[in-house]
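I opened this two-chain entry to look up a few local features and then the packing between and within the chains. My notes follow in the order in which I went through them.

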Amino acid sequence: MQERENETNRLLEFIDRVKKRLNLNLFADMLIYGLIGGFAGWTAVNVFSLFVPVYNAEKYGAYLIIPCAIAAVVLFFLKRFGRREAALKADLTGLKERVTTAYENRGKDDTFSRIQRADALRTISRYDIKQNFPFRPGMKKIAVLLALVLAVVTTMLIPSSARAKAQTQHGVKVEAEKVKDKLEEKVKELKDTYHLTEEQMKELDELLEQAKKELKDALTEEDLTRAEERFAAKADQKLKKDLEENHANAGEAQKNVSLLEKQTDSEKQASLEAIKQQAENAGNMELKNAAEQAERELKDGQLSEEALQNLREAAQNGVQNAEQDLENAGIKPNNGTSSSSGNPVPSGTVEPSGTPAPTGDPADPSGAPSPTGDPSQGQQGQQGQGQQGQGQQGQGQQGQGQQGPGWNQGSDKGNEKDPSGKGERVFVPNQKSDETLHGKNGEGEESQTQTGQSFTWEGNYVDYGTVIGDYTRKAYEDLNDTDVPPSMQELIKDYFTEINK
Amino acid sequence: MLQDENELQNIINSVNACEAEIGKAIIGQKSVIRQVLLALFTDGNVLLEGVPGLGKTELVKTITKVFDISFSRIQFTPDLMPADVTGTNLIVKEEGQNVFKFEQGPVFANIVLADEINRATPKTQSSLLEAMQEKTVTVGKKTYELPKPYMVLATQNPIENEGTYPLPEAQLDRFLFKIQVDFPTIDELKQIMHITVTGHKNELHPVMNGDDIIRIREIIRDMPMAEAVEDYALRLVTATHPELETSPDFIKKYVSCGASPRAAQAIFKTSKARALLEGRANVAFEDVKAVAVPALRHRLATSFEAIADNVGTDKIIDMLLKEITP
């Protein structure tokens, strides 16, 4: 029993040595094959990059060696020799299946198996494993590998236009990423700095997305610069417009708040509706909430002084925030709009140039204001912004009609009609000194005409309801302030009542 | 069961001595002698094919002398009857009464030489079937056992096919080996002349006996054979079947019917015997290769294409051995 175990151990030891040797050769072979595959792939990638722009093709080619080597190792593990295969391999070198037979009969103890085992052990004792299984990776394989290494080096050093192009494209890509980060930072900063509404922020994000797309499609450094400049211009323009709108809305809301005290309940109701809308448009949630609270109180019967005070404070805060935003943005606040002093002033009208003057003079890059309109009547309000002329940005200033003496006084129903500002819109072309028409700073759309090197504000679109509302309100205010005979007052009121229907 | 290594060594020595003793009378033909001995030690029958005068009958006679076993010869002719082979019941008078008594035919011997077996009618040829396969003879209702060891050595002439009855496939399959007896070389022929023409004869001495043959047969059965070697032998036999998809193309072209399982049995048994005669205690791939030709050549039915291309079974088996590797 003991003898059999010893013989079996000797036999297994021999087979294990053969197996180790075979596996060493197999591993070397597999690794060489893997490297050949990897270097062949590397060469192919290098050749490909000579004709097609691929940045870092050499690096990607080098990466191919890793999976090929891994595949070689995996294949080695799948194909590695076991004891049975090793025994058979040894037998095929002249042992005449002695080892295999002895290995298979290692557990048997009959006479034949013992004799056979002894015969096998005698034979293998004279067997030289290293001689029969020399560690000799094929010279052809090594030669192929060396040739491929040479091919890799050669193809790597060959210059080509495709490679230069790939390099340039990569530089643009990297730069685009930097610009993208910069723009994102800028948008974040704008959002953090200014009191913008959700919609305005969303529009800002859309601008950013558009810029990102342009950056992504950019092929040259110039494309990047252009995309960045376009975004900057659009963002600035939009910000200015948004801030002015917010400012105008805040002022309008404050004005409406100031009128509440004198109004009847139905008028208050209408004004509160308008205040709510304006507060929302200005991004002033505090005012909106206060207006809602006031509305509830009004429904319950009496609008308390506290609610009014809240409204005033909220409106005041809104105006202050809007002015602060304008100041932060370097935009001169429109003093005709409102005053943070608490004395409401009717909003400065956005009367885009009574005269077509506010052109930015390209020759005057400082954008010095060019007063337009009648200084005795109007006040310089909204700045007109000229467009770049050959890269220079001129800035002009629009004339603004100031609140004039007016000629009528009417109800606020004009505003009540369309407080959202939607509905029919009226274009007010080249308004000059019509003091009775109150445009508001930032309200309505503007049309621009390119006049060679700058833009001219030519007119403004104002909602029909706003126009009527403004007329009516002005008429009512003037009725109180002027000496109009009672009979005429009734006639005027009827007139405005009719046109407000 | 083998007793010990000495017994194995004694057997190997005895067999070598037998071959040497046979070699005294049979000049050359070492491969034929070896193959006949393989068949003898594995309880098989042999079909010897060769032109007349190559010493086939002499070989059989020599073997019987060396192994000290009984021998009978049947010359097959077209008018030979089965009873002439197996024996018959004769009416004899015993104790005043006529009774049937079985008179043994020439088939009752340790080694039977069926000379020119293809000259007898199929009926007579088939009288040997039971003897070859079952080692018994049935006459009337009684079955008689043949002596042990038993072996049929049939000869046939590959030429002079006129008036012959080629052996049917079923009977061919019962021969363990079909051995081709080739013409001797000039040196061998010179030695043959020296013995036969000059009258100089070597005295042959028995080296082994029938019991030794039986003992060797038992031992050979226990000879270990590795799985890989068995697989190789079976792959060889399987590959002779043209109907299998895995068979080589030349088999599909040249073979119409492949070897039977008896071919695999023949290869297994004779390769073990060969390993023993080579002094090994295990079967090697080379043993299988060595016995494949005589074990398969009479079991393959060739196709018309093989005849047209003049490709014989030996060539087909050579191609098969090159195609199917261990």
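**Loops with positive phi**

I began with Glu116(B), which sits in the loop that runs between strand S5 (111-115) and helix H5 (122-126) of chain B; helices (H or I, at least four residues) and strands (E, at least two) are DSSP runs, numbered from the N terminus. I noted that this is a predicted model, in which local features need pLDDT of at least 70 and side-chain atom pairs count only at pLDDT 80 or more, while totals for chains, interfaces and linings use all residues. For bookkeeping, residues are numbered from 1 along each chain as its sequence is written, and chains are lettered from A and ligands numbered from 1 in the order in which they are written.

The phi of Glu116(B) is near 50°, a positive value in a residue other than glycine.

I looked next at strand S6 (residues 136-139) and strand S7 (residues 142-145) of chain B, which pair in the antiparallel sense over four bridges; two strands pair if DSSP finds at least two bridges between them. Thr136(B) has Glu145(B) in S7(B) as its bridge partner. The hairpin of S6(B) and S7(B) has two residues between the strands, and Gly140(B) takes a positive phi near 65° there.

In the loop between S7 and strand S8 (151-156) of chain B I found Pro149(B), which a cis peptide bond joins to Lys148(B), with omega about -10°.

**Helix H3 of chain B**

I checked the length of helix H3 (residues 56-67) of chain B: at 1.5 Å a residue its 12 residues should span 16 Å, and the end C-alpha atoms are 17 Å apart, which agrees. The expected span is 1.5 Å times one less than the number of residues. Buried residues in H3(B) include Leu59(B), Ile63(B), Val66(B) and Phe67(B). Asp68(B) follows H3(B) and has a positive phi, near 55°.

**Cores**

Which residues touch the most other members of the largest nonpolar core? In this core of 95 residues they are Val46(B) and Ile267(B); a nonpolar core is a set of buried Ala, Val, Leu, Ile, Met, Phe, Trp, Tyr and Cys residues joined through C-beta atoms within 7 Å. Helix H12 (residues 261-277) of chain B supplies the largest share of this core, eight residues. The core also draws at least three residues from each of domain 1 (5-80 + 108-212) and domain 2 (224-323) of chain B, with bounds from an automatic or database domain assignment.

Leaving aside neighbours within four places in sequence, Ile267(B) is in contact with residues including Ala233(B), Val237(B) and Val288(B); contact requires C-beta atoms, placed from the backbone, within 7 Å. Apart from this core lies another, of 37 residues, among them Tyr194(A), Leu215(A), Ala274(A) and Ala315(A).

**Between the chains**

I found 21 residues of chain B in contact with 15 residues of chain A. On the chain B side, the elements that give two or more residues are helix H1 (5-25), helix H10 (227-239) and helix H13 (285-296), and H10(B) gives the most, with three.

**Chain totals**

Chain A has 17 helices and five strands, and 39% of its 501 residues count as buried. Chain B has 15 helices and 11 strands, with buried residues making up 42% of its 326 residues.

Conventions: Two residues are in contact if their C-beta atoms, placed from the backbone, lie within 7 Å. A residue is buried if 20 or more other C-beta atoms lie within 10 Å of its own, exposed if 12 or fewer, and partly exposed in between; C-beta atoms are placed from the backbone.
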